[in-house]
Amino acid sequence: MKKIVLGLAATAVFAGAAVSAQAANPHVTQIPDGVIPAVPSAEGGVPCDLLIRYDDGGDDTPGSGPTLGYYAGQDHQFLGIRSTAPAGGSFLVQSAGWFSDFWILPGMVDVTVTEIANPANSATAAINVTDGGTFEVVFDTPICVPGGADYSVMLCPRVGVYGVVGQDFNSPDARSYWSPDPCDLVNLSTSEDYMIWSCVTECGPTPTIESTWGTLKANYR
Ligand SMILES: [Ca+2]
């Protein structure tokens with residue numbers, strides 16, 4: 001297994017050089033030999049009153065995907081989406097998730113949601129990722145955003161952590177972004193939707209169950 005990872009890292013160095021010459025496309029990673037891609041799961045295990053996602057739930061590229069995380073030395077790429085809360089009222093971003101068909105280097109991924117017009121309104125939850133699959137987090141202190149407001153959902157692997165995110169090429173919504181740095185909405189992808197999502201519920205008086213959300217995390221294949 002270690003040999004596979006090292007061989008892939010060498011490949012990534014050359015791919016990274018090609019990308020920097022073009023600077024117009026996200027870095028992409030191919031699945032290591034012998035690894036079987038994960039299949040997206042239909043049902044989540046975290047609170048989800050209203051699912052907001054722009055992909056169709058299927059990965060159109062099993063075995064390759066836009067790189068997420070640290071793929072060669074200090075070369076890294078982060079992925080995220082721009083989501084819009086429903087109109088009217090205000091909405092709590094209660095959970096967020098994504099699908100990876102395969103993962104290269106295990107470790108912690110920070111998932112950050114931020115109201116774009118008010119960046120101080122932000123929340124982060126971390127999850128340990130060791131393999132491909134569907135991953136979801138809930139937030140200890142979830143943010144409340146105005147109805148109709150845009151907020152980002154960013155996946156920010158910590159140093160040395162590396163995988164991919166699923167891609168959907170049907171009817172792209174121009175909401176998926178990649179960034180060499182920082183972990184923010186930088187470069188818009190117009191050809192695909194990344195398989196990244198979030199769930200919202202109406203903001204209201206603090207419910208008693210909210211105190212238990214911080215400990216709830218889930219990952220499943
Ligand atoms: Ca893929």
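Two strands pair if DSSP finds at least two bridges between them. Strands here are DSSP runs of E with at least two residues, helices are runs of H or I with at least four, and both are numbered from the N terminus. With that in hand, let us walk through the model.

This is a predicted model, in which local features need pLDDT of at least 70, side-chain atom pairs count only at pLDDT 80 or more, and totals for chains, interfaces and linings use all residues. Residues are numbered from 1 along each chain as its sequence is written. The pLDDT, which is the predictor's confidence in each residue from 0 to 100, averages 87 over the protein, and 81% of the residues score at least 70. Over residues 1–22 the pLDDT is below 50, and beyond near neighbours in sequence this stretch has 18 contacts in the model. Residues 208–217 also have a pLDDT below 50, with eight such contacts. A contact means that the C-beta atoms of two residues, placed from the backbone, lie within 7 Å.

Now for the overall layout. The secondary structure comes to two helices and 18 strands. Of the contacts with a separation of 6 or more, 81% are between residues 24 or more positions apart. The protein has 221 residues, and 40% of them count as buried. Buried means that 20 or more other C-beta atoms lie within 10 Å of the residue's own, exposed means 12 or fewer, and partly exposed is in between, with C-beta atoms placed from the backbone.

Seven of its eight residues are buried, so S11 is largely enclosed by the rest of the structure. Strand S7 (residues 107–115) runs antiparallel to S11, joined by seven bridges; in this pairing, Val 113 has Val 153 as its bridge partner. S4 is also antiparallel to S11, with six bridges between them, and here Thr 84 stands opposite Asp 150.

A nonpolar core is a set of buried Ala, Val, Leu, Ile, Met, Phe, Trp, Tyr and Cys residues joined through C-beta atoms within 7 Å. The largest one has 49 residues, and those with the most contacts inside it are Leu 79, Val 93, Trp 98, Leu 155, Val 165 and Ile 196. Strand S5 (residues 90–100) gives this core its largest share, six residues. With 17 C-beta neighbours inside 10 Å, Arg 82 counts as partly exposed. Beyond its neighbours within four places in sequence, Arg 82 is in contact with Asp 150, Ser 152, Arg 175, Tyr 177 and Leu 185. The C-alpha atoms of Arg 82 and Ile 196 are separated by 9.8 Å, although the two residues are 114 apart along the chain.

Finally, have a look at some backbone details in the loops. Most residues other than glycine have a negative phi, and most peptide bonds are trans. In the loop between strand S13 (167–168) and S14 sits Ser 171, whose phi is positive at about 45 degrees. Ser 171 is exposed, with 9 other C-beta atoms within 10 Å. Ala 174 is found in the loop between S13 and S14 too, and its phi is near 55 degrees. Ala 174 counts as exposed, with 12 C-beta neighbours inside 10 Å. The peptide bond from Asp 181 to Pro 182 is cis, with omega near -5 degrees; Pro 182 lies in the loop between strand S14 (176–179) and strand S15 (187–189).
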